[in-house]
Amino acid sequence: YSPSGHEDELLPAVILYHGGALVFPALPYHDRMAQNVSDEVCCRVFMPDYDLAPKFLSPGQYMEALIFYEYLMSHGEEQGIDFSRTAVMGDSAGGTICASLCLMLRDKGFQLPKAQVLLYPSLDARLTSDSMQRFTDVPIINSMAVKEYYRICAAKERTVNREYYSPAEAPSLKGMPPTYVETAEFDCLHDDGILYYKRLIEEGSEAFLNETKGTVHAYDMAYRSSILKESMKKRNEFLKKYIRSDCYTQ
């Protein structure tokens with residue numbers, strides 16, 4: 001995705017990992033999200049079409065994210081981007097991929113993105129939070145569904161450290177890039193985002209929390225919602241702060 005009129009320029013980049021429990025492909029709201037970020041932040045947005053479970057099991061998706069990031073790191077100019085101004089963004093399971101990717105990059109000593117944006121993310125594979133216990137029957141996704149998705153997606157033997165698919169359990173979150181965390185009120189994953197945000201702050205990282213009210217998981221589907229419009233504004237302002245583009249004007 002590119003902003004109109006800037007096709008031949010080197011622009012900042014956002015890698016957007018779509019949600020869908022690692023089972024479902026990108027939906028129309030992901031397309032709207034990607035184009036909105038591209039237009040409003042004035043950047044190129046890449047939305048990788050990663051392999052899906054149950055044919056391809058976790059943690060394969062996290063390793064694909066690492067491979068794609070390394071590719072852009074080596075081929076930035078070829079892809080029309082200034083890789084030094086790259087952020088990652090994801091909703092739901094896409095947020096898991098982003099947080100996992102940043103942990104892997106840190107542990108490998110690679111260049112981290114300038115920022116990460118996590119929208120109602122799934123971050124705690126223990127599945128024992130208060131919101132996971134409370135929201136067993138809410139729209140879009142509930143705790144019973146999340147537990148089933150974990151069962152469907154997980155390989156019998158994980159080949160990566162646990163924190164790479166359960167980032168909230170990482171022994172340390174030090175060194176994480178500035179992070180925007182957004183939660184939905186009536187969402188079994190609500191507490192995942194809160195826990196991760198609090199840990200980032202406690203461990204000295206820069207973090208911003210947008211705890212939306214009156215919302216459910218994946219409320220980006222409600223594209224006419226005034227709540228969504230305000231959240232989109234906050235997301236884009238956060239990205240502008242860290243990967244600001246020369247073609248963006250206040």
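In strand S6 (residues 207–211), Glu211 is the bridge partner of Thr183. Helices (H or I, at least four residues) and strands (E, at least two) are DSSP runs, numbered from the N terminus. S5 and S6 run parallel and are joined by five bridges. Two strands pair if DSSP finds at least two bridges between them. The model is predicted: local features need pLDDT of at least 70, side-chain atom pairs count only at pLDDT 80 or more, and totals for chains, interfaces and linings use all residues. Residues are numbered from 1 along each chain as its sequence is written, and side-chain values use heavy atoms, with hydrogens and water left out.

Strand S5 covers residues 179–183. S5 also pairs with strand S4 (residues 115–119). Four bridges join S4 to S5, and these strands run parallel. Leu118 stands opposite Val181 in S5. Together, S5, helix H6 (residues 190–202) and S6 make a right-handed β-α-β unit. A crossover is right-handed if, with the strands pointing away from the viewer, the path from the first strand over the helix to the second runs clockwise.

S5 is mostly covered, with five of its five residues buried. Buried means under 20% relative accessible area, exposed over 50%, and partly exposed in between (1.4 Å probe, protein chains only). In a regular strand the side chains alternate between the two faces of the sheet. Both faces of S5 are covered. Thr179, Val181 and Thr183 are buried on one side. Tyr180 and Glu182 are buried on the other.

The structure holds one cavity of 30 Å³ or more. About 200 Å³ of space lies in the largest cavity. Its lining has 17 residues, and the closest to its centre are Ala21, Leu22, Ala93, Ser122 and Tyr150. Helix H3 (93–108) and helix H5 (143–153) are the elements that give two or more residues to this lining. The largest share, four residues, comes from H5. By class, the cavity lining divides into 12 nonpolar, four polar and one charged. Here Ala, Val, Leu, Ile, Met, Phe, Trp, Tyr, Cys and Pro count as nonpolar, Asp, Glu, Lys and Arg as charged, and the others, Gly among them, as polar.

On a 1 Å grid over the protein atoms alone, a cavity is a set of points where a 1.4 Å probe fits but cannot get out. A pocket is an open set with protein on both sides within 12 Å along at least five of seven lines, and lining residues have an atom within 4 Å of a point. Grid points are joined across faces, edges and corners, and a volume is the space filled by probe spheres set on the points.

The largest pocket has a volume of about 190 Å³. Of the 16 residues that line this pocket, Gly20, Ala21, Phe24, Ile140 and His217 are the closest to its centre. The pocket lining has 10 nonpolar, five polar and one charged residues.

Several loop residues also stand out in the analysis. Asn142 lies in the loop between helix H4 (130–134) and H5. Asn142 is buried, with a relative accessible area of 17%. A polar atom of the Asn142 side chain lies 3.1 Å from the backbone nitrogen of Met144. The Asn142 side chain also reaches the backbone nitrogen of Ala145 at 2.9 Å. A polar contact is a pair of N or O atoms within 3.5 Å; within protein, one must be able to donate a hydrogen and the other to accept it, and residues adjacent in sequence count only if both atoms are side-chain atoms.

The loop between strand S2 (44–46) and helix H2 (60–75) contains Pro54. The peptide bond from Ala53 to Pro54 is cis, with omega near 5°. Pro59 is found in the loop between S2 and H2. A cis peptide bond joins Ser58 and Pro59, with omega about 15°. Ser58 counts as buried, at 2% relative accessibility. Ser58 and Ile152 are 94 residues apart in sequence, yet 9.3 Å apart in space, C-alpha to C-alpha.

Positive phi values occur at Ser92 and at Leu127. Ser92 is a residue other than glycine, and its phi is near 55°. Ser92 lies in the loop between strand S3 (81–91) and H3, and is buried at a relative accessible area of 7%. Leu127 has phi near 55°. Leu127 sits in the loop between S4 and H4, and is buried at 14% relative accessible area.
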